[in-house]
Amino acid sequence: MIHDSGPRGFLRRHRSALALVVGVMLVTVLAQARPSLYSTSATVGILALIALPLGLMYGQGGTISIAQGTFAAMGGYTSAILASHFGWSPLTSVFPAILMPAAFAFAIARPILRLPELSLALATLALNTVFLVGVERGGWLTGEYVGLSGIPRLPGIETSRFWSHVAIWLLVLIAVVLYSTFLGTARGRALNTVRVDRILAESMGVSVAMDLAILFAVTAGVAGLAGWFYVHYVGYVAPDSLGIHVSANALFMVVIGGRKTVLGPVVGAAIFILASDFLPGTETQGIFFGAILVLVLLLFPDGLLSLRFRRNGPRGLAPAPLTVGGADNQASDTVRSGRWR
């Protein structure tokens, strides 16, 4: 493979991040005339941060999870408990908020990631119920059905809608840059091979179980970061704030936007929030979401950004002159050559 270095290579690898910056700047300009856009933008950013790692897990690793909302709730509750009951600053509680769901995901990854796709989806879905029962029976620690209120706001941001908008999209931008960079590495391409052919990857020495466990933990940790931002943004968390509905919505965003593209989950989150805000009534929204899901699965199985993906190749990957069939063959070549190490 020829690695495209220099300014052109940098722009090629990080064009998703550049497109995101342009989009956020455009929203910032429009919000000058309509400040409520800042709140909408912050909500999109939080959901995008939850959906982005799922895009990596599902789109690149081929492993589906319906526990993103629970991991976000786990991070949010961790930070809320430490800040409300033990006086931790949000700037210090962010670390447990990330590590707690990441450690939990890593601990359960080995047994559940061996399951077939449908069984894995059901197992991760069951985590939502287990966690929900746990926080509802958590007594004073979790606030039970009422939840926790009066959670300290983020220092320097407080209730400012503008700075909340800036802060969440800065976190999303960092996630996009790391995502794009990871796809350009040999291990990122090996992950594609795991999705295409696990047996081939294992036969060539890729530690599939460990790689997927680490990826699952990272996915949960980023969701925990989103949950941390959420509870300190709204100052409140309850059992139904984050959970199974967020997990299902995150998967919807990934499928609609594009599971094989970096910005697919972000586009899916924007479509979901804008449709929820502008369409009247839950019935109309249900019809719209059901219709668009069916149309996308029929016309664009890899999501709305798949047309650009097919024409240009996966974002974040360097050019692959030795391959003919795109990312899958490129990843397989990487494994065959042993360059994932």
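Guide: Let us start with burial: a residue counts as buried when its relative accessible area is under 20%, as exposed when it is over 50%, and as partly exposed in between. Please keep in mind that this is a predicted model.

Visitor: What percentage of the 341 residues in the protein do buried residues make up?

Guide: Buried residues account for 51% of the 341 residues. The protein exposes about 15,300 Å², and 69% of that area is supplied by carbon and sulfur atoms.

Visitor: How many helices and how many strands does the secondary structure comprise?

Guide: The protein has 15 helices and two strands. As for how the chain contacts itself, consider pairs of contacting residues at least 6 apart in sequence: 78% of these contacts join residues at least 24 apart.

Visitor: May we apply the burial classes to a single residue? Is alanine 103 buried, partly exposed or exposed?

Guide: Alanine 103 has a relative accessible area of 48%, so it is classed as partly exposed, the range between 20% and 50%. This residue belongs to helix α5, which spans residues 90-112. Alanine 103 also illustrates separation in sequence against separation in space: glycine 221 is 118 residues away along the sequence, yet the C-alpha to C-alpha distance is 8.2 Å.

Visitor: Let us proceed to pockets. What volume does the largest pocket have, and which residues lie nearest its centre?

Guide: A pocket is read through its volume and its lining, and lining residues are those with an atom within 4 Å of a pocket point. The largest pocket has a volume of about 500 Å³. Its lining consists of 20 residues, with Leu56, Leu178, Phe182, Leu215 and Val218 nearest the centre. Two or more lining residues come from each of α3 (36-60), α7 (161-183), α8 (186-196) and α10 (208-234). By class, this lining holds 18 nonpolar and two charged residues, with no polar ones.

Visitor: And the second largest pocket: which element gives the largest share of its lining?

Guide: Helix α2 gives the largest share, six residues. The second largest pocket has a volume of about 370 Å³ and is lined by 18 residues, of which Gly23, Val27, Val44, Trp169 and Ala270 lie nearest the centre. The elements contributing two or more residues to this lining are α2 (15-31), α3, α7 and α12 (264-278).

Visitor: How many nonpolar, polar and charged residues does that lining have?

Guide: The lining of the second largest pocket has 14 nonpolar and four polar residues, and no charged ones.

Technical notes:
Residues numbered from 1 in each chain as written. Predicted model: local features only at pLDDT ≥ 70, side-chain atom pairs only at ≥ 80, totals over all residues. Heavy atoms only, no water. 1 Å grid on protein atoms, 1.4 Å probe; cavity = no way out; pocket = protein on both sides within 12 Å on 5 of 7 lines; lining within 4 Å. Points joined across faces, edges and corners; volume = space filled by probe spheres on them. Helix = DSSP H or I, 4+ residues; strand = E, 2+ residues; numbered from the N terminus. Nonpolar A, V, L, I, M, F, W, Y, C, P; charged D, E, K, R; others polar. Buried < 20%, exposed > 50% of the residue type's maximum accessible area, 1.4 Å probe, protein only. Contact = heavy atoms within 4.5 Å. Areas by Shrake-Rupley, 256 points an atom, 1.4 Å probe, with all protein chains shown as cover.
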